[in-house]
Structure formats: C-alpha cells, structure tokens
Number of protein chains: 2
Amino acid sequence: MRRLPIGIFDSGVGGLTVARAVMRRLPNESLVYVGDTARVPYGPRGAETVTRFALQLARFIQAQRVKAVVIACNTISAIAPEAVRAASPVPVVDVIAPTVATAAAATRTGCIGVIGTVATVTSGIYPRLLGQARAGVETLQHACPMFVPIAEENLAEHQVADLMAEEYLHGFRETGVDTLILGCTHYPLLKRAIGKGVGPDVRLIDSAEPTAEALANLLAAADLLSDGPARYRWCVSDPSYKFLQIAGHFLGRRVEPEVEAVTLE
Amino acid sequence: MRRLPIGIFDSGVGGLTVARAVMRRLPNESLVYVGDTARVPYGPRGAETVTRFALQLARFIQAQRVKAVVIACNTISAIAPEAVRAASPVPVVDVIAPTVATAAAATRTGCIGVIGTVATVTSGIYPRLLGQARAGVETLQHACPMFVPIAEENLAEHQVADLMAEEYLHGFRETGVDTLILGCTHYPLLKRAIGKGVGPDVRLIDSAEPTAEALANLLAAADLLSDGPARYRWCVSDPSYKFLQIAGHFLGRRVEPEVEAVTLE
C-alpha cells in the first residue's frame with residue numbers, strides 16, 4: 001500500500017506546479033499525473049461541464065491504483081471537490097483548503113485578495129472558507145482569464161504579462177490587501193508580473209507548497225509514507241498538446257520524454 | 001428539402017463571424033449553429049483530437065436534418081475536411097477553399113501572408129492550396145495563439161491586442177506581402193489591431209464573405225435556395241460558457257436568448 005503512487009490530476013498542465021512541490025517535499029513518493037490536455041482550460045466553463053470532466057479524471061486516477069489523490073487544479077477544487085471525494089475511496093487533498101489556512105495565518109490587515117479563473121471566482125469558495133478560517137477577514141476577488149494563455153504561451157516575461165497584471169490587479173492597491181492568493185495553478189509562473197501589479201508590500205500565496213505539506217501530513221498520519229524509490233508517470237488526453245514544452249517551464253526540470261496518451265471520456 | 005436549414009459548426013464562437021455573413025448574404029435561409037463550447041479552443045490540440053471532435057460535430061449537425069453544412073472553423077477545415085465530408089451526405093463548404101481563391105485573385109505581388117492557430121499553420125494547407133490556385137505564389141505563415149483569448153475576452157480594442165499584433169505581425173512588413181489571410185474565424189474581430197500590425201498597404205482577407213458566397217453559389221447550383229422565412233437555432237455543448245455575451249460581439253446583433261444545450265460526445 002505504501003509503495004502505491006499518489007495520483008495528481010489537473011485540467012491540463014497547471015497542476016505541474018503542484019507536482020513539482022510534491023516531488024520536492026516527498027522525494028520518495030511515486031506519482032501518476034494526468035492532465036486533460038484534450039479539453040483544457042476548464043476555467044471558462046460551467047459547473048456542470050467541469051464536474052463531468054472532473055469525475056472522468058477521478059475515475060481514471062482511481063483505476064491506476066493510487067494511495068491518495070491530489071486535485072491539483074483550483075477550478076476543479078472550487079467546483080467539484082465533493083463529487084471527486086465521493087468517487088475516490090482513498091484520501092483526497094485539494095489545493096484550496098491548505099492555501100486558505102496559509103493565507104488566513106499570514107494576513108496582518110485581515111484583508112486578503114484572491115485571483116483565479118472565472119469559474120473559481122464565481123464559485124465564491126475562497127471568501128466562504130476564508131471567513132470560516134478566520135472571523136472578520138475581508139476578501140477581495142478578481143478573475144484573471146488572460147493569465148492562463150499567457151503562462152501557456154511562455155509569455156510570463158513578456159510585456160503582455162505586465163500589461164494584463166496592471167489591468168487585473170491595480171484595483172487591489174490601496175485596499176488594505178496584504179496577502180494575495182494565487183488561486184490558479186498556472187499563476188506561480190507569473191509571480192514577477194503579479195508582484196509588480198499588486199505592489200511590493202503584498203505577500204503572494206502559492207497553492208503548491210501548502211498543498212504538498214497537507215499531503216505529507218495526511219500520508220504521515222495514515223502511515224502511508226513510502227521509502228522509495230520514486231517513479232513518475234505523466235498521462236495526457238491529447239499527447240500532441242505541447243505538454244513537454246510547457247512541462248519544462250512548470251516542473252523546472254525535464255519530464256521524462258515518455259508521455260502516455262490516455263482516454264478520459 | 002429547400003426549407004431545411006443550413007448546418008454551421010465550429011469549435012466554439014468564432015464561427016459566428018461566418019454565420020453573420022451567411023445571414024446577410026442569404027437572409028431567407030434557416031440556420032442551425034453548433035459550437036463546442038465545452039471543449040473550445042481546438043487550435044492548440046493535435047490532429048487526432050481535432051478530428052475526433054470534428055466528427056462528433058458533423059454527426060450532431062447531420063442529425064438535425066440539414067441541406068448543406070458549413071465548417072465555420074479554420075482549424076477543423078485544415079485538419080479534418082475529408083473526414084467531415086465522408087460523414088456528411090449533404091454538400092459541405094469549408095472556410096479555407098473560398099478564402100484561398102479570394103486571396104489568390106487579390107494579390108498583386110504574389111506574396112500572401114497567412115495567420116491562424118498553431119494547428120492550422122502546422123497543417124500547411126494554406127501554402128499548399130495557394131500554390132495550386134496560382135502558380136509561383138509565395139506564402140508566409142505565422143501562428144497567433146493569443147488572438148483567440150484576446151477576442152473571447154473582448155480585448156480587441158485594448159492595448160494588449162496591439163502589443164500582440166506587433167509581436168506576431170512585424171515580420172510581415174517589408175516582405176512583399178500585400179494580402180493577409182485571417183485564417184481563424186476569431187480574427188476579424190481584431191481587424192483594427194491586425195491592420196496596424198501589418199501596416200496600411202496590406203489587404204486583409206476575412207473567410208466570412210467568401211464562404212457565404214461559396215455557399216450561396218452551391219445552393220443556387222443545386223436548386224436548394226429557400227424563399228424563407230429564416231429561423232435560427234444556436235446550440236452549444238456548454239450552455240454556461242459566455243456564449244451569449246460573446247455572440248453579441250461576433251454576430252453584431254443579439255442572438256435570441258434561447259441557447260440549446262447539446263451533447264456531442
């Protein structure tokens with residue numbers, strides 16, 4: 001059981017930022033990653049569609065015999081966490097709960113900003129969970145739909161990233177927001193532009209490390225930690241999608257060239 | 001038979017620019033439009049995935065009892081025109097052949113630029129068909145992946161459109177290109193920025209009018225023209241996708257508020 005891999009799933013490639021943090025925090029754990037590159041992005045879609053696709057991902061990952069599951073996508077974590085848990089007989093970690101706990105502990109002003117996809121922002125899950133985590137906390141949200149294509153097109157250092165960050169984030173300045181949740185797993189790649197957009201005094205909270213930490217705690221508590229060796233599998237629903245090219249940026253290391261083509265529908 | 005509708009299909013909303021041209025050119029014709037808003041965009045995906053999705057669209061549109069079909073998407077027209085024709089017992093018009101004929105007739109220098117999605121540009125269909133249409137024509141291509149999200153986010157008049165147009169199009173200047181094919185049905189919305197990017201002496205060729213004209217000729221030749229009245233149906237695979245909001249910009253008129261949710265898989 002301990003030697004079974006951890007299943008990590010995402011709408012596409014953004015979840016690789018979470019996979020990277022898990023690989024660093026738990027270097028002995030094997031991973032099976034699956035990204036729905038045939039249907040990415042999920043962020044602009046409706047809740048019914050996101051839930052349907054998320055359940056297909058959850059069923060695929062269960063069929064790989066995993067000991068725990070990480071929902072490495074904010075949109076799925078916002079829209080369909082109960083549906084995924086109901087379909088998963090093993091423990092499930094999402095990216096939102098650990099990130100909310102980290103942000104609630106970090107703020108001094110009690111004013112937290114959240115950026116994410118349209119689906120995540122519309123769901124209202126961050127304001128709700130932040131309010132539960134810390135009484136009286138104020139949450140300001142903004143959807144940033146252009147950040148995903150900018151990250152996927154490797155334009156994070158291009159002027160277009162700064163322009164859109166200014167457009168989306170200038171409203172956070174002079175609001176008392178001292179902590180900004182990067183509520184989409186693509187956004188850590190745009191940290192430089194986002195930091196410039198909100199100003200130097202705002203702390204950016206990335207889901208990846210809190211999620212990896214929550215997973216480590218969960219595995220330790222359940223006595224499920226492996227002593228290695230780690231093996232990695234990378235599965236995608238469209239193998240022609242520029243997964244390898246993007247994966248290099250996201251993982252900060254080369255993914256093994258073998259990417260498995262899988263069917264989710 | 002003449003009163004049957006024309007089926008128009010697209011990966012999402014871009015095909016509405018073609019639907020608009022058909023509605024203007026053939027005001028007595030009824031239309032059934034279907035956009036795969038659950039899986040848009042197709043442009044970054046591989047040929048196998050695009051073909052699979054295109055066949056599902058083609059089968060859906062046949063089941064609506066149509067007298068002709070318009071593939072209102074450059075990516076599908078580039079990757080899967082034969083597969084769609086094989087699955088369609090009625091005449092099929094794609095957006096590429098009519099546009100190639102128009103561009104080949106328009107150029108004076110014999111040097112034609114083509115912009116489109118990664119899938120369309122990689123397919124090489126425009127250089128191949130332009131070469132067949134006019135001997136000795138030279139074709140220069142460039143993929144412009146950010147133009148689709150810019151159009152869908154209603155940022156065509158924003159500085160970001162000018163910035164990306166400069167990035168993608170500056171290479172066309174001083175090349176002899178006098179004619180630029182807008183090889184994606186989203187791009188007509190960015191005509192202002194694209195025109196600025198390539199410079200004032202380049203003629204922009206939009207697929208919509210040539211495609212509507214080709215359809216009109218085909219219907220007239222087959223004695224399939226209707227004398228009305230026109231009725232319109234708008235079908236989407238994700239009804240929550242901001243179809244109505246985008247449709248307003250694309251059609252230049254309001255779509256009737258009834259959008260039908262349909263299943264393509």
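## A quick briefing

Asp227(B) and Arg3(B) form a salt bridge, with their closest N and O atoms 3.3 Å apart (a salt bridge being a side-chain nitrogen of Lys or Arg within 4 Å of a carboxyl oxygen of Asp or Glu). The two residues sit in distant parts of the chain, 224 residues apart: Asp227(B) is in the loop between α11 (208-221) and β9 (232-236) of chain B, and Arg3(B) is in the segment before β1 (6-10) of chain B. Helices (H or I, at least four residues) and strands (E, at least two) are DSSP runs, numbered from the N terminus.

This is a predicted model, where local features need pLDDT of at least 70, side-chain atom pairs count only at pLDDT 80 or more, and totals for chains, interfaces and linings use all residues. Residues are numbered from 1 along each chain as its sequence is written, chains are lettered from A and ligands numbered from 1 in the order in which they are written, and side-chain values use heavy atoms, with hydrogens and water left out.

**Salt bridges**

- Over all chains, the structure holds 26 salt bridges.
- Back to the opening pair: Asp227(B) counts as exposed at 60% relative accessibility, and Arg3(B) counts as exposed too, at 57%. For these labels, buried means under 20% relative accessible area, exposed over 50%, and partly exposed in between (1.4 Å probe, protein chains only).
- Arg233(B) forms a salt bridge with Glu260(B), and here the closest N and O atoms are 2.8 Å apart. Arg233(B) lies in strand β9 of chain B and Glu260(B) in strand β10 (residues 260-261) of chain B, so the pair ties together parts that are 27 residues apart in sequence.
- Arg233(B) is partly exposed, with a relative accessible area of 29%, and Glu260(B) is partly exposed at 31%.
- Over in chain A, Asp36(A) and Arg39(A) make a salt bridge whose closest N and O atoms are 2.8 Å apart. Asp36(A) is buried, at 1% relative accessible area, and Arg39(A) is buried at 0%.
- There's also a network of salt bridges that links Glu157(A), Asp162(A), Arg192(A) and Lys196(A).

**The sheet in chain B**

- Four strands make an open sheet in the order β6-β5-β7-β8 (chain B), and their pairing is parallel (two strands pair if DSSP finds at least two bridges between them).
- At the edges stand β6 (138-143) and β8 (203-206) of chain B, each with a single partner strand, so one side of each has no neighbour in the sheet.
- From one strand to the next, the twist averages 25°. Axes are lines fitted to C-alpha atoms, for helices over the stretch in contact, and angles run from 0 to 180 degrees between N-to-C directions.
- Strands β5 (residues 111-116) and β7 (residues 179-183) of chain B pair in the parallel sense over five bridges, and Gly116(B) stands opposite Gly183(B) in β7(B).
- Helix α7 (residues 125-133) of chain B packs on the sheet, where it touches β5, β6 and β7 of chain B, and its direction makes about 160° with that of β6(B).
- Helix α10 (residues 191-198) of chain B lies across β5, β7 and β8 of chain B, running at about 140° to β8(B).

**The sheet in chain A**

- Chain A has an open sheet of four strands with parallel pairing, in the order β6-β5-β7-β8. Its edge strands are β6 (138-143) and β8 (203-206) of chain A, each of which pairs on one side only.
- Five bridges join the parallel strands β5 (residues 111-116) and β7 (residues 179-183) of chain A, with Ile112(A) opposite Thr179(A) in β7(A).
- Helix α7 (residues 125-133) of chain A lies across β5, β6 and β7 of chain A and runs at about 160° to β6(A).

**Where chain A meets chain B**

- Thr49(A) has its place in helix α2 (residues 47-63) of chain A and is buried, with a relative accessible area of 4%.
- Setting aside its neighbours within four places in sequence, Thr49(A) is in contact with Ala38(B), Ser237(B) and Asp238(B) (contact means heavy atoms within 4.5 Å).
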